[in-house]
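Colleague: Please put the model up first. Then I would like to go through how its parts are arranged.

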Amino acid sequence: MGSGCSPLYDGTHFAAAGVVLVTINYRLGALGFIELGEVDESHRGSANNGFLDQIAALRWVQENIGSFGGDPGNVTIFGQSAGAMSVSLLLSMSSTAGLFHRAIAQSGATNAARSPERAHDDTRSFMEAGGFADLAALRDAPVESLLAAHAKLSAERVSDPEGVARSTGDPMAFLPFRPLADGDIVPADPLGAIAAGSAAGVSLIGGSTSEEWKLFSLFLPKAETEEALRTSLALIVDDVDGAVTALRVDHLEGTTEDLHCAALTDAIFTAPVTALLDAQAAHAPTYRYVWSWGSPAWGGMLGAAHAIELPFVFGLID
């Protein structure tokens with residue numbers, strides 16, 4: 001999901017307001033984010049190929065946007081979900097200096113980045129899923145085989161995201177292809193780099209929806225019992241009793257599923273976005289939003305879920 005030509009990202013509304021909108025594409029899955037440095041030293045850094053594509057697109061904008069009526073000295077990058085994770089990590093990179101001047105991160109932050117150890121484990125799992133014995137087999141494989149291996153690995157992880165989180169120590173490990181904090185393209189500590197001023201002068205809007213996890217709860221296991229809730233919370237907090245008490249204060253009549261949704265919304269979206277804004281606040285103006293309007297569709301099943309704001313952003317609510 002998220003192709004630059006998606007009707008969901010139609011730029012007519014922006015163009016009518018005098019904004020030149022550029023949507024981009026970049027390599028996804030194994031083509032964009034598999035780390036092969038442990039397999040072959042010459043491929044070190046391949047886990048950030050998707051970012052190299054994004055940087056190339058931003059350089060294209062600098063060189064060409066004037067021909068479309070745009071101003072290369074007034075570029076705002078914005079993205080939602082994986083796009084917001086990209087925006088956040090682009091803020092941390094020294095190689096992006098001068099390529100953009102403002103940024104908006106909707107429901108995503110630097111916590112998307114993986115450690116080298118996590119990336120190497122993901123590579124081994126992917127190669128096992130596809131039956132790729134070595135780099136040569138991987139390079140010779142048709143893209144259909146790569147997609148099949150990706151689908152198999154993703155299905156395994158989505159079927160038991162908490163088990164994967166427990167075994168890896170990474171709450172986001174159910175997503176096997178994410179950027180790598182390699183210390184080269186992406187800093188080893190992206191949030192620390194931003195706090196140190198890597199994007200000084202770049203004003204930032206960051207935010208999240210109030211019920212992000214409701215989208216994911218449609219296809220991921222739910223915490224239907226108190227025991228399941230506590231097991232899940234143990235993966236993201238040290239004080240489970242305190243977390244349950246705090247959640248019940250905020251959600252007096254909430255079910256265990258409601259509390260589970262609230263906890264994961266906070267842990268994966270709200271807290272990381274807040275940390276991102278805190279890191280940038282010393283270096284440029286920062287602004288925080290919370291989207292709380294909930295969709296009434298299907299009896300309110302989605303509420304203020306992840307991505308619910310996109311039609312409003314692009315003026316496509318009809």
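**Charges, sheet, core and rings**

Colleague: How many residues apart in helix H5 are Arg124 and Asp121?

Modeller: Helices (H or I, at least four residues) and strands (E, at least two) are DSSP runs, numbered from the N terminus. In H5, about one helical turn separates Arg124 from Asp121, because their spacing is 3 residues.

Colleague: What pLDDT do local features need here?

Modeller: Residues are numbered from 1 along each chain as its sequence is written, and side-chain values use heavy atoms, leaving out hydrogens and water. This is a predicted model, where totals for chains, interfaces and linings use all residues, side-chain atom pairs count only at pLDDT 80 or more, and local features need pLDDT of at least 70.

Colleague: How far apart are the closest N and O atoms of Arg124 and Asp121?

Modeller: A salt bridge needs a side-chain nitrogen of Lys or Arg within 4 Å of a carboxyl oxygen of Asp or Glu. Arg124 is partly exposed at 39% relative accessible area, and Asp121 is partly exposed at 29%; buried means under 20%, exposed over 50%, and partly exposed in between (1.4 Å probe, protein chains only). Their salt bridge has its closest N and O atoms at 2.3 Å.

Colleague: In what order do the strands of the open sheet lie?

Modeller: Two strands pair if DSSP finds at least two bridges between them. S2 and S3 pair over 5 bridges in the parallel sense. The 4 strands form an open sheet with parallel pairing, in the order S1-S2-S3-S4.

Colleague: Which strands are at its edges?

Modeller: An edge strand here pairs on one side only.

Colleague: What angle does the direction of H12 make with that of S3?

Modeller: Axes are lines fitted to C-alpha atoms, for helices over the stretch in contact, and angles run from 0 to 180 degrees between N-to-C directions. H12 packs on the sheet and touches S2, S3 and S4, contact being heavy atoms within 4.5 Å. With S3 the angle is about 165 degrees.

Colleague: How many residues of helix H4 are buried?

Modeller: H4 spans residues 82-92 and is largely enclosed by the rest of the structure. What covers its buried residues includes H3, S1, S2, H9, S3 and H12.

Colleague: What kind of ring pair do Phe216 and Phe219 form?

Modeller: Rings of Phe, Tyr and Trp (its six-membered ring) pair if their centres lie within 6.5 Å; planes under 30 degrees apart count as stacked, over 60 as edge-to-face and the rest as tilted. There are 15 aromatic pairs in the structure. For Phe216 and Phe219, the centres are 6.1 Å apart and the planes at 65 degrees, so the pair is edge-to-face.
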